[in-house]
Amino acid sequence: MTELLDIEDLRVDFGTGREAVRGVDLRVGRGETVAVVGESGCGKSLTALALLGLAPDGARVSGSARLDGAELVGLGERELRGIRGDRVSIIFQDPMSSLNPTTRVGTQIAEMLAIHTPMRRSARFRAAVELMESVGITDAPERARQMPHELSGGMRQRVMISMALAARPDLLIADEPTTALDVTVQAQVLALLRERTRDTAVLFITHDMGVVAEIADRVAVMYAGRVVETGTVREVLEKPQHPYTAALLRSVPDPDRPVSGELPSIPGQVPAVGEVVEGCPFSPRCPRADDACTTAPVLEAGVACWHPHTDAQTEAGAEDAR
Amino acid sequence: MAAIAISARRRVRALPAGPRYLAGRLGQAVLALFGVTTIVFFALRLSGDPARLLVPEGASAADIERVREQLGLTDPLWRQYLSFLGGAVHGDLGFSYVQNRPATELIAERLPYTANLAVAALLLSIVFGVTVGVVTALKRGRWQERALMPVVLVGQAMPAFWTGLLLILVFSVGLRWLPSTGYDGPLSLLLPSVTLASLSAAAIARVTRGSVLEQLSRDYVRTARAKGAGTGRIVLRHLARNSAIPVLTVAGLELANLLGGAVVTEVIFAWPGLGQLTIQSVSARDFPVVQAIVVFASAVYIGINLLTDLLYGVIDRRVTVGGAA
């Protein structure tokens, strides 16, 4: 059976070799939740936008991304419009700026149905109210008539979620959906997403390892426009193979193992977009780098590294860095 | 009057609320009107003696003095000013020296022509300006923008007397399709309103383009695209309301300007409107009429500004004006 989403060697460049996404390989199965993790600027959001032809002006997308076996890269605007919202929808990070400030939220949810269904106006608005109820918004009939600024941040993200799910998409892309929210609200929104997407595949973009454990079945760790490690949440979080993943995990505070002094951070910086990367892009920051790393490793057996941490080495490797 | 325009624009961001705001605006309006009338009253009196222009040539000094007395020009200036203000409060803006009729009556007579022209010109410029503005914003960097922007520039750069004469030359003299001057049915409205619209349209096009460009980069437009919305839907359902306020502001100012009488255009096309009346009254030193026109034009200007402010609330429902939303 073909995967729902199969991305192969996806690249996005802004002309003259300024590549921001440098060959991403990623698969999402039906009903599966895959988290894409990485620092800001690693190309994770851009990868998602590129799938739907929403990358910023001037971006050139190449490689392959197949939805249910059908190629998305190179599709015309008209074909893409039929896919956006209907088969693949997106929840963005900031629910305030992502909602139209001068339109009632109910109308904005109903718009999804206006575009993708033959429903009549009054039926659409009723459906929007029901969708709002389904994401736990109380007083939905009144709320539906309000403007985005009259709603709280968490409520606005609930609106975004109900909107994204309105046309029952096969794949939901959630681009840092909880980053802009208060911590208490984050947990609620995560729980809601988990509950509402039981039958929907989700590509969950985040920089937060804690969130990954909460929501995902599988993880793909991105670095400098490439996937450097992938596997089930258990595999990756418990036995990271790539030195970058291991370092990323160490920089997450763990209440069970308090660190004395400063939280470990990764020295150096992510290569900038357009910076020429020879060999392994992580090698300048990697404690394990050697001559082999001047050639770029390929993603094999879930990791793109010449010197991955093996089971026996993981703890020792973690020890090195301290 | 520029100050009024600026304060109107600033108010968009301040998001005003409550009846106090409205009362404040009305107070400002009265104050502005008072200021304008005062300035005009005294400035006009610097322009010379109207009596000299009223008497026949070769009249004696005594004759002139008699006329001055009849017109009340021998009174001290402050007394003239007070009696003018007193009348103005009651809606009496004085009698024309030349035609011996109330100034308000003269304005009322000319106003329909100017209003016709102003509304026609405004509609033309909104249709053309908004279309060009939206298209050039959406097609930024493409041939559509490169083709349309020069048109806008030319429209803005050509003065009315030049555009008007050019239009007369082509459509009246050359092609003989349209009447060149005077008011003679709706067809004669065409050339003067196009002349006026070419200036307003350029202003509206620029503001529309800027406003749409600014909105296009907003996240909610990306959301709309991610929903599968096409360009038409994005323009009508998303950009229209969000980009409208600056456009509305400029359109309001343009209308206010046009209603005050387009002097140059009315003279070129011999249009019997307020602009012509202004020219005639100024050259005859017909003080009451000039004063009346200025008071009227300022009142229109201020009134339209206030109306524009109130419309903000209708367009952008976040703005609440004059009470609870």
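Helix α5 of chain B covers residues 77–89, and at 1.5 Å a residue its 13 residues should span 18 Å; the end C-alpha atoms are 18 Å apart, which agrees. The model is a predicted one. Just after α5(B), B:G91 adopts a positive phi of about 80°.

Further along chain B, two helices pack against each other. Two packed helices are described by the angle between their axes and the distance between the axes. For helix α8 (residues 160–174) and helix α9 (residues 187–216) of chain B, the angle is about 140° and the axes are 9 Å apart. Angles over 145 degrees would count as roughly antiparallel; α8(B) and α9(B) are therefore oblique to each other. Their crossing is right-handed.

On the α8(B) side, the contact is made by B:A160, B:T163, B:G164, B:L167, B:I168 and B:F171. An α-helix has 3.6 residues a turn, so residues three or four places apart point the same way. From α9(B), the contact takes B:L191, B:V194, B:T195, B:L196, B:S198 and B:L199. By class, the contact of α8(B) with α9(B) has 8 nonpolar and 4 polar residues, with no charged ones.

The remaining topic is where the two chains meet. The contact takes 23 residues from chain A and 18 residues from chain B. On the side of chain A that touches chain B, α2 (77–83), β6 (88–91) and α3 (105–116) each supply at least two residues. The largest share of that side, 4 residues, comes from α3(A). By class, the residues of the side of chain A that touches chain B are 9 nonpolar, 9 polar and 5 charged.

How values were computed: Residues are numbered from 1 along each chain as its sequence is written. Chains are lettered from A and ligands numbered from 1 in the order in which they are written. This is a predicted model: local features need pLDDT of at least 70, side-chain atom pairs count only at pLDDT 80 or more; totals for chains, interfaces and linings use all residues. Axes are lines fitted to C-alpha atoms, for helices over the stretch in contact, and angles run from 0 to 180 degrees between N-to-C directions. Angles under 35 degrees count as roughly parallel, over 145 as roughly antiparallel, 65 to 115 as roughly perpendicular and the rest as oblique. A crossing is left-handed if the near helix is turned anticlockwise from the far one by less than a right angle, and right-handed if clockwise. Two residues are in contact if their C-beta atoms, placed from the backbone, lie within 7 Å. Ala, Val, Leu, Ile, Met, Phe, Trp, Tyr, Cys and Pro count as nonpolar, Asp, Glu, Lys and Arg as charged, and the others, Gly among them, as polar. The expected span of a helix is 1.5 Å times one less than its number of residues.
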